[in-house]
Amino acid sequence: MRTIIDREKLMQYKTCTACGRPFNLGDPVVLACGAWEGPPTLIHENEAVFDADTSQYVERKCFQAGRGA
C-alpha cells in the first residue's frame, strides 16, 4: 500500500518506525515489513524497497540484510 500522510494518519503515526523521524502532512509512505516487532506499519517511502518476490514493501535496512548486501 502506497499513500500519503493525512491528518488522521498523522495523529495515529507520530514517527517513522524505520528512521525515527517524525511524519509531516503530505509525506509519501508505504505499508512495510521490517526488523521491528509486530505487523507491517507505515514508514517513509524512501526508507522502503519493493520486494517483487513477495509483492510487498520491506524496510530498506532489513531488505539489504536479507540479501547479504
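This note sets out points on a hairpin, an aromatic pair and a nonpolar core in a predicted model.

1. Basis. The model is predicted, so that local features need pLDDT of at least 70 and side-chain atom pairs count only at pLDDT 80 or more, while totals for chains, interfaces and linings use all residues. Residues are numbered from 1 along each chain as its sequence is written, and side-chain values use heavy atoms, without hydrogens and water.

2. Strand 4 (residues 48-51) pairs with strand 5 (residues 56-59) in the antiparallel sense over four bridges. Strands are DSSP runs of E, at least two residues, numbered from the N terminus; pairing requires at least two DSSP bridges. Four residues lie between the two strands of this hairpin, and serine 55 in the turn has a positive phi of about 55°.

3. Aromatic pair. Phenylalanine 50 has tyrosine 57 in strand 5 as its bridge partner. The structure holds one aromatic pair. The ring centres of phenylalanine 50 and tyrosine 57 are 5.2 Å apart and the planes are at 70°, so the pair is edge-to-face (centres within 6.5 Å, planes over 60 degrees apart).

4. Burial. Tyrosine 57 counts as buried at 18% relative accessibility, whereas phenylalanine 50, at 44%, counts as partly exposed (buried is under 20% relative accessible area, exposed over 50%, partly exposed in between; 1.4 Å probe, protein chains only).

5. Core. The largest nonpolar core has 12 residues, among them Ala18, Trp36, Ile43 and Tyr57; such a core joins buried Ala, Val, Leu, Ile, Met, Phe, Trp, Tyr and Cys residues through side-chain atoms within 4.5 Å. Strand 2 (28-33) and strand 3 (41-44) each supply at least two residues of this core.

Methods: Phe/Tyr/Trp six-rings, centres within 6.5 Å; stacked < 30°, edge-to-face > 60°.
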